[in-house]
Amino acid sequence: MVVFFDPGQMTARLDLEAPQAMPDGQGGAVVTWQVATSLWARIEPVSFVTTEEAAAGSGRISHRIWIRFREDIVAGQRFRKVARVFMVRLARDPDETRRYLVCQCEEEVR
């Protein structure tokens, strides 16, 4: 079944970031994030879960982020829109036509 999707709904400009491990000089590593590319996307909020840590409220919002198909998107990368960060948990081709990619992402809110 072919998924109908209007590409005109991709109105969010996002940076795709990939983790880079940098040696910390003590045998470990520090993770930094490098911008791989910028792209247009559609962000759909899906659900919100609240938690309480040390008497402070926080939560996680799950999103579906639609982009044009790319083969280089994997779990562990993230999208950034200014101060908002969306961690990629899963990327899939919704109808296996290689037109679009739907990324299941989580945004941490404090």
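**Getting to know this structure through its contacts**

Q: What does Glu17 touch, not counting residues up to four places away in sequence?
A: Glu17 touches Trp33, Gln34, Val35, Ala36, Gln77, Arg78 and Arg80, where contact means heavy atoms within 4.5 Å. This is a predicted model, in which local features need pLDDT of at least 70 and side-chain atom pairs count only at pLDDT 80 or more, while totals for chains, interfaces and linings use all residues. Residues are numbered from 1 along each chain as its sequence is written, and side-chain values use heavy atoms, with hydrogens and water left out.

Q: Where is Glu17 placed?
A: Glu17 sits in strand E1. Strands (E, at least two residues), like helices (H or I, at least four), are DSSP runs numbered from the N terminus.

Q: Why is Glu17 called buried?
A: Its relative accessibility is 5%. Buried means under 20% relative accessible area, exposed over 50% and partly exposed in between (1.4 Å probe, protein chains only), so Glu17 counts as buried.

Q: What makes the pairing of Arg80 and Glu17 a salt bridge?
A: Their side chains meet at 3.1 Å, N to O. A salt bridge is a side-chain nitrogen of Lys or Arg within 4 Å of a carboxyl oxygen of Asp or Glu, so this pair qualifies. The pair links distant parts of the chain, since Arg80 is in strand E4 (residues 78-81) and Glu17 is in strand E1, 63 residues apart. Arg80 has 23% relative accessibility and therefore counts as partly exposed.

Q: Which polar contacts join the side chain of Glu17 to others?
A: One of 2.5 Å joins Glu17 to Arg78, and another of 3.1 Å joins Glu17 to Arg80. A polar contact is a pair of N or O atoms within 3.5 Å; within protein, one must be able to donate a hydrogen and the other to accept it, and residues adjacent in sequence count only if both atoms are side-chain atoms. Glu17, Arg78 and Arg80 are also linked in a network of salt bridges.

Q: How many salt bridges does the count come to?
A: The count is 10. Among them is the one between Glu44 and Arg42, whose closest N and O atoms are 3.0 Å apart. Another is formed by Asp72 and Arg70, with 2.7 Å between the closest N and O atoms.

Q: Is Glu44 buried or exposed, and how do you know?
A: Glu44 has 13% relative accessibility, so it counts as buried. Glu44 lies in strand E2 (residues 29-53), and beyond four places in sequence Glu44 touches Ser62, His63, Arg64 and Trp66.

Q: Why are Trp66 and Tyr100 called an edge-to-face pair?
A: The ring centres are 6.4 Å apart and the planes stand at 65 degrees, so the pair is edge-to-face. The rule pairs rings of Phe, Tyr and Trp (its six-membered ring) whose centres lie within 6.5 Å; planes under 30 degrees apart count as stacked, over 60 as edge-to-face and the rest as tilted. A search of the whole structure finds one aromatic pair. Trp66 lies in strand E3 and Tyr100 in strand E6, so the pair ties together parts 34 residues apart in sequence. Trp66 is buried, with a relative accessible area of 9%, and Tyr100 is buried at 6%.

Q: Which residues touch the most other members of the largest nonpolar core?
A: Of its 14 residues, Leu14, Ile65, Ile67, Ile73, Phe79, Cys103 and Cys105 do. Strands E1 (12-23), E2, E3 (56-68), E5 (84-92) and E6 (100-109) each give two or more residues to this core. Such a core is a set of buried Ala, Val, Leu, Ile, Met, Phe, Trp, Tyr and Cys residues joined through side-chain atoms within 4.5 Å. Another core, of five residues, lies apart and includes Phe5, Met10, Trp66 and Val102.
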